[in-house]
Amino acid sequence: MVDRAKSAWIKFGREVKRRRVQAGLSQAQVAKRLSLTHAMVSAIERGIRGVKPEYVAQFDQVFSTDGALTDLWKTLNTNEGYPDWLRDIVLLEQRATEIREYHAVLVPGLLQTSAYTQALAIAGRPSRTSEEVEEVVEGRRRRQEILGRQQPAPPLLLVVLDEMVIRRPVGGPRVMADQLERLLEVGSEPRVALQIVPYRTEQHPGLAGAFRLVRADDGTDVLYLEHAQAGILIQDSADLKEFSERFADLRGAALPQPESRKLIEEVRGEFR
């Protein structure tokens, strides 16, 4: 618990410093506006002390960050159904201006319905209690809030799925029918592009597995690779280039958006 707390302090402190620099303020100026000591602001930025909720809201006001630091603080200081290894990508998603994601087996978390998430949580670990399952579902729901935010604008979301994803009956026919309806709804949004790689594809660029490319609001690009119980963030330029090219190949191999939508509609009808 202590290690998790210290990790949260460090991550929050880094973001406070980043936002302060963006706002063009010195530590002394921030300290004066918040009635804190210079030493306390410095300690917060270095991650050697925590921050009370009331000061988090004041940081948002001083930096004009529209609640971004409050959201970050909540994510870092509550469980929210996120395992430790998933927290970094969740925090990065909150700062994302663009997300490119490919999956060959499952609907990505940002597009899942609650019933689909619940089915996955139970199937993945049948020993979970109902409270633990609900925690996972709520955590997933909170992640999806970035798609409906007003300021800043939602990230550009480019998603490529293998046809297997829309045909696998996760949770049963009714759950899948609703999940496919969700894909159709989200896919109609102007900042979302959803494509399907059909079964018949012989030269499939995505057989090596799922991946996600995220661009943050400071222009940083990150590759995220996730496994059953672990995930890693990669910023190596060679890996970023390789997976960016792979994603471009996947979009080329996939059906165009109108045809992808038609296929999803057809499969949805089969589940009803």
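Me: Is I264 buried or exposed, and what is its relative accessible area?

Reply: The model is a predicted one. I264 lies in helix α12. A residue counts as buried when its relative accessible area is under 20%. I264 falls under that cut-off and is therefore buried, with a relative accessible area of 2%.

Me: Which residues does I264 touch, leaving aside those up to four places away in sequence?

Reply: I264 is a buried residue of helix α12. Leaving aside residues up to four places away in sequence, I264 touches I166, L180, L184, L194 and I196.

Me: What does helix α10 reach from its first C-alpha to its last?

Reply: Helix α10 covers residues 173–187, which gives it 15 residues. At 1.5 Å a residue, a span of 21 Å is expected. The helix is close to that expectation, and from its first C-alpha to its last it reaches 21 Å.

Me: Which elements are included in what covers the buried residues of α10?

Reply: The buried residues of α10 are V175, M176, A177, Q179, L180, L183, L184, V186 and G187. Two of these names, L180 and L184, also occur among the residues that I264 touches, and I264 lies in α12. The cover of the buried residues of α10 includes α7 (114–124), β2 (156–162), α9 (163–167), β3 (192–197) and α12 (257–271).

Me: How are α2 and α4 oriented to each other, and what is the handedness of their crossing?

Reply: Two packed helices are described by the angle between their axes and the distance between the axes. Helix α2 (residues 27–34) and helix α4 (residues 53–63) pack at an angle of about 120°, with their axes 10 Å apart. That angle makes α2 oblique to α4. The crossing of the two helices is right-handed.

Me: How many nonpolar, polar and charged residues does the contact of α2 with α4 have?

Reply: From α2, the residues V30, R33 and L34 take part, and they meet Y55, Q58, F59, V62 and F63 in α4. By class, this contact of α2 with α4 has 6 nonpolar, 1 polar and 1 charged residues.

Me: What orientation do α2 and α3 have to each other?

Reply: The axes of α2 and helix α3 (residues 38–46) come within 8 Å and cross at roughly 110°. The crossing of α2 and α3 is right-handed. Angles from 65 to 115 degrees count as roughly perpendicular. The helices α2 and α3 are therefore roughly perpendicular to each other.

Me: Which residues of α2 and α3 meet, and how does their contact divide by class?

Reply: In α2, Q27, A28, V30 and A31 meet H38, V41, S42 and E45 in α3. By class, the contact of α2 with α3 has 4 nonpolar, 3 polar and 1 charged residues.

Me: What orientation do α7 and α8 have to each other?

Reply: The axes of α7 and helix α8 (residues 130–143) come within 9 Å. They cross at roughly 135°, and the crossing is right-handed. The two helices α7 and α8 are therefore oblique to each other.

Me: How do the residues of the contact of α7 with α8 divide by class?

Reply: S114, T117, Q118, A121 and I122 in α7 meet V133, V136, V137 and R140 in α8. The residues of this contact divide into 5 nonpolar, 3 polar and 1 charged.

Me: Is R18 buried or exposed, and at what relative accessibility?

Reply: R18 is found in helix α1 (residues 2–23). Not counting residues up to four places away in sequence, R18 touches R95, D217 and D218. The cut-off for buried is under 20% relative accessible area. R18 therefore counts as buried, at a relative accessibility of 16%.

Me: What phi does S64 have, and what phi does D66 have?

Reply: Most residues other than glycine have a negative phi, and most peptide bonds are trans. S64 lies in the loop between α4 and α5 (68–77), and D66 is found in the loop between α4 and α5. S64 is exposed at a relative accessible area of 65%, and D66 is exposed at 57%. Although S64 is not a glycine, its phi is positive, at about 55°; D66, also not a glycine, has a positive phi of about 55°.

Key. Residues are numbered from 1 along each chain as its sequence is written. This is a predicted model: local features need pLDDT of at least 70, side-chain atom pairs count only at pLDDT 80 or more; totals for chains, interfaces and linings use all residues. Side-chain values use heavy atoms; hydrogens and water are left out. Helices (H or I, at least four residues) and strands (E, at least two) are DSSP runs, numbered from the N terminus. The expected span of a helix is 1.5 Å times one less than its number of residues. Buried means under 20% relative accessible area, exposed over 50%, partly exposed in between (1.4 Å probe, protein chains only). Contact means heavy atoms within 4.5 Å. Axes are lines fitted to C-alpha atoms, for helices over the stretch in contact, and angles run from 0 to 180 degrees between N-to-C directions. Angles under 35 degrees count as roughly parallel, over 145 as roughly antiparallel, 65 to 115 as roughly perpendicular and the rest as oblique. A crossing is left-handed if the near helix is turned anticlockwise from the far one by less than a right angle, and right-handed if clockwise. Ala, Val, Leu, Ile, Met, Phe, Trp, Tyr, Cys and Pro count as nonpolar, Asp, Glu, Lys and Arg as charged, and the others, Gly among them, as polar.
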